[in-house]
Amino acid sequence: GNLINCLTPGNDGASLTGSWTPDGRQIAVGYNYSKTVIWSPRTGNLISRYHHETQKEGYHRKGVIAMSWHPKKSLLLTGGLDGRVFLINTHTMVVVQHLPRHKDSVEMVAFCPNDRWMMSASTDGNVHVYDSMLHRVRVTLKHPLAVTAAKIRVSMPDPNPDPNLNLNHPGSHPQGTHARVICVTGCADGYIRVWDALQGILLHKLHGFGYMIYCLDISMDSSLVVGGGDDAFSAAFDAGARSLQEDHGQRIGDESHPSEHPRS
């Protein structure tokens with residue numbers, strides 16, 4: 001295809017991350033010099049710019065490396081090398097919230113599709129699940145090493161629900177159903193973990209990698225997880241069981257048996 005536009009930031013430094021708006025009309029780009037810029041890719045025009053010198057609530061002091069758009073509203077969540085997480089209202093062009101800070105770089109931020117929950121994952125080993133209505137951290141999911149990838153999603157209602165689940169736990173099961181808010185995390189220890197994100201319960205510990213996990217995703221019904229690691233393999237997992245278990249993934253392209261790499 002043809003090049004539509006070249007978005008030149010001037011002296012904002014290298015671009016580290018980018019994210020399209022849900023309607024595909026604008027793109028947000030995070031830069032090395034602690035700035036976020038909203039662009040119109042069709043016209044090449046700069047729509048708005050966010051920097052700590054221009055925002056009353058403050059902004060990142062190091063590079064912006066993670067961002068996520070709200071699925072319905074003009075809200076942008078950003079995470080930086082400084083461990084800070086900010087929520088921007090791109091309609092009013094101001095920072096509206098400064099979320100609790102991590103001790104190290106924020107690798108991933110995301111909105112949960114059900115509107116209420118936000119997530120930030122950091123190389124400090126912690127994932128914060130944030131309640132946007134009560135303006136506080138709901139739970140912190142702790143890991144032994146850096147968290148390098150994460151996803152958050154509302155699962156489909158369970159047709160065979162666990163009778164021991166606490167449905168009265170505030171907000172733990174959306175719309176009063178047996179659906180859960182699921183968070184899937186990839187860690188530098190080579191494990192993928194599947195969490196009940198609102199109760200902080202570890203549901204699965206999935207092992208298919210010898211080294212750091214760089215990317216992962218979860219199916220729409222939260223039953224399948226796929227990940228890719230530093231050992232040049234991808235692995236798929238069945239995450240449908242309700243009880244805590246340690247499982248070994250099937251390596252994609254390897255039909256013989258799941259990975260048997262020993263942990264060091």
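**Strands, a pocket and selected residues in a predicted model**

Val29 is located in strand E2, where helices (H or I, at least four residues) and strands (E, at least two) are DSSP runs numbered from the N terminus. The model is a predicted one, in which local features need pLDDT of at least 70 and side-chain atom pairs count only at pLDDT 80 or more, while totals for chains, interfaces and linings use all residues. Residues are numbered from 1 along each chain as its sequence is written, and side-chain values use heavy atoms, with hydrogens and water left out.

Val29 is buried, with a relative accessible area of 9%; buried means under 20% relative accessible area, exposed over 50%, and partly exposed in between (1.4 Å probe, protein chains only). Not counting residues up to four places away in sequence, Val29 touches Ser15, Thr17, Gly18, Lys35, Thr36, Val37, Trp39 and Met67, a contact being heavy atoms within 4.5 Å.

The protein chain has zero helices and 21 strands. Of its 264 residues, 48% are buried. Among contacts in the chain with a separation of 6 or more, 44% are between residues 24 or more positions apart.

Pro22 lies in the loop between strand E1 (15-20) and strand E2 (27-31). Pro22 is exposed, with a relative accessible area of 56%. Its contacts, not counting residues up to four places away in sequence, are with Trp69, His70 and Pro71. Pro22 and Ser74 are 52 residues apart along the chain, and their C-alpha atoms are separated by 9.7 Å.

Trp69 also belongs to the lining of the second largest pocket, together with Ser68, Met108, Val109, Ala110, Phe111, Pro113, Ala150, Lys151, Ile152 and Arg153. A pocket is defined on a 1 Å grid over the protein atoms alone, as an open set of points where a 1.4 Å probe fits, with protein on both sides within 12 Å along at least five of seven lines; lining residues have an atom within 4 Å of a point. The volume of this second largest pocket is about 220 Å³, taken as the space filled by probe spheres set on the points, which are joined across faces, edges and corners. Strands E5 (64-69), E9 (106-111) and E13 (147-154) each supply at least two lining residues. The lining has eight nonpolar, one polar and two charged residues.

Asp131 lies in strand E11 (residues 126-131) and is buried, with a relative accessible area of 0%. The side chain of Asp131 reaches the backbone nitrogen of Met133 at 2.9 Å. Not counting residues up to four places away in sequence, Asp131 touches Arg116, Trp117, Arg136 and Arg138.

Asp189 is in the loop between strand E14 (181-187) and strand E15 (191-196), and is buried at 9% relative accessibility. Its side chain makes a polar contact with the side chain of Arg193 (2.7 Å); a polar contact is a pair of N or O atoms within 3.5 Å, of which, within protein, one must be able to donate a hydrogen and the other to accept it, and residues adjacent in sequence count only if both atoms are side-chain atoms.

Definitions and conventions. Ala, Val, Leu, Ile, Met, Phe, Trp, Tyr, Cys and Pro count as nonpolar, Asp, Glu, Lys and Arg as charged, and the others, Gly among them, as polar.
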